[in-house]
Amino acid sequence: MKYGVLVADKRAEVHQKDIPFVKEDEVLINNKACNICTTDYQQWLGDRHHQPYPMAFGHENSGVVIQIGSEVKNCKIGDHVVVNVYGPCLECSNCRKGKNSIYCKNSLVSNALKFPDENGMYGFYGCGEYQVAKGKHVFKVKKDLPFEEAGFVEPLATVIHGIHRLRVKKAEKVLVIGAGTMGLLNAQVASYYGADVIISELFENKLKTAKKLGFSKIINPNKDDIKEKMKEYLLEEGESLDAIIIAVGATSAYNQALQVAPKGCRFLIFAAHFPIPDWNLKPNPVHYNLWEIIGTYGCSTADYQEATALLSKRNINVNLLIDAKYHLKDIQKAFEDAVIPGKYRISITISES
Ligand SMILES: [Zn+2]
Ligand SMILES: [Zn+2]
């Protein structure tokens, strides 16, 4: 089988190995598409030295089940599926409480990034023609959902987790800073939960995409007076902002949030970046303004289920969040394209049939 590997900074290659053997509780998936995540292309750029090489990268992938072990009951051959890349054990006390998989000490993700496999590779082979996964980590998606769109289950699940943590309620006013892939997923999920969403973004092409997705309250901080625009959008109903989602890992985005946050504002820190952004946050305004600073990362099994359902029912539009498709053999070109600022997801087609 062929699979994509990050071998060094700015170097992605296609390698080959034997198709893995399936145990009783596992399934074999023939992957069809894998999208390049920010975490993948930041490693390619050389900005994530905590992620080791060689990395059999890929976790925003989807495919078809072609073989199942005797103990697997939740899917069958021919099902279109995605894999819960966090791989929680589902048995420890944190897993039984339904907590975020990052609390699980036995999760597959914690090992796959620390220890190489028998091939000397880190990672999950999500960008490989074949991938083995535990049956309990596999989620079915509708067969009419294109594979590259099904690849959005993982990022969408992390967004759903954040929106739950932020406690977004109906009719709340939510500002999303950043209209990249994660910003527009956050905006759509907040809107699905009934929030009135305002979007701030510097790239005009991204604001255009936000408009196409039905968001009319948009701000370009390079052109608009942010405070004036906010007033215009908020005064309509005489309300103040309830929450801000920071979905771009830039110092300017973090400081913009401080500029417009009213009393009682809840901040969701969705985006990380390397090198780490600066934030001029001081304790006094948090104290006097009753601000809440909420971090989010990863997701739970329930978030995966919800993401699978929302995508399968097309409640969330991800079609506009795919900029280009490349065949696996052109993997280096795909990464060169993915790192261009202003891009949405680049999808790698792994096998056509
Ligand atoms: Zn991702
Ligand atoms: Zn666990």
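1. Which residues are the protein donors of the zinc ion (ligand 1)? In this predicted model, they are Cys 37 through SG, His 59 through NE2 and Glu 60 through OE, at 2.1 to 2.4 Å from the ion. Along the chain these donors follow the spacing C-x21-H-E. Both His 59 and Glu 60 are buried.

2. The zinc ion (ligand 2) is coordinated by the SG atoms of Cys 89, Cys 92, Cys 95 and Cys 104, at 2.3 Å. The site is tetrahedral, with angles of 102 to 120 degrees among the four donor atoms. The sequence spacing of the donors is C-x2-C-x2-C-x8-C. Of these residues, Cys 89 and Cys 95 are buried.

3. The largest nonpolar core comprises 51 residues, and Leu 156, Leu 185, Ile 199 and Ile 245 touch the most other members. Elements that give two or more residues to this core include the helices α5 (153-166), α6 (181-192), α7 (204-212) and α11 (301-312), and the strands β9 (138-141), β10 (173-177), β11 (196-200) and β13 (243-246). The element that gives the most is α5, with seven residues.

4. Ile 199 deserves a separate remark. Apart from neighbours within four places in sequence, Ile 199 is in contact with several residues, among them Val 176, Leu 184, Leu 207, Phe 215 and Lys 217.

5. The second largest pocket has a volume of about 740 Å³. Its lining consists of 30 residues, and those nearest its centre are Glu 26, Asp 117, Gly 123, Tyr 125 and Val 132. Both α3 (108-112) and β8 (130-134) supply at least two lining residues, and β8 gives the most, with five.

6. Tyr 125 lies in the loop between β7 (122-123) and β8. Is Tyr 125 buried or exposed? Tyr 125 counts as buried because its relative accessibility is 9%, and the cut-off for buried is under 20%.

7. Arg 314, likewise not a glycine, has a positive phi of about 60 degrees. Arg 314 is placed in the loop between α11 and β16 (322-327). With 42% relative accessibility, Arg 314 counts as partly exposed.

8. The bond from Tyr 53 to Pro 54 is cis, with omega near -10 degrees, and Pro 54 is in the loop between α1 (38-45) and β4 (55-56). Phe 274 and Pro 275 are also joined by a cis peptide bond, with omega about -5 degrees; Pro 275 lies in the loop between β14 (266-269) and α10 (283-289).

Definitions and conventions. Residues are numbered from 1 along each chain as its sequence is written. Chains are lettered from A and ligands numbered from 1 in the order in which they are written. This is a predicted model: local features need pLDDT of at least 70, side-chain atom pairs count only at pLDDT 80 or more; totals for chains, interfaces and linings use all residues. Side-chain values use heavy atoms; hydrogens and water are left out. Donors are N, O and S atoms within 2.8 Å of the metal (3.2 Å for Na, K and Ca); water is not among the atoms, so sites may look incomplete. Buried means under 20% relative accessible area, exposed over 50%, partly exposed in between (1.4 Å probe, protein chains only). Four donors count as tetrahedral if all angles lie between 85 and 135 degrees; four count as square planar and six as octahedral if opposite donors are over 155 degrees apart and all others between 65 and 115; anything else is irregular. A nonpolar core is a set of buried Ala, Val, Leu, Ile, Met, Phe, Trp, Tyr and Cys residues joined through side-chain atoms within 4.5 Å. Helices (H or I, at least four residues) and strands (E, at least two) are DSSP runs, numbered from the N terminus. Contact means heavy atoms within 4.5 Å. On a 1 Å grid over the protein atoms alone, a cavity is a set of points where a 1.4 Å probe fits but cannot get out, and a pocket is an open set with protein on both sides within 12 Å along at least five of seven lines; lining residues have an atom within 4 Å of a point. Grid points are joined across faces, edges and corners, and a volume is the space filled by probe spheres set on the points.
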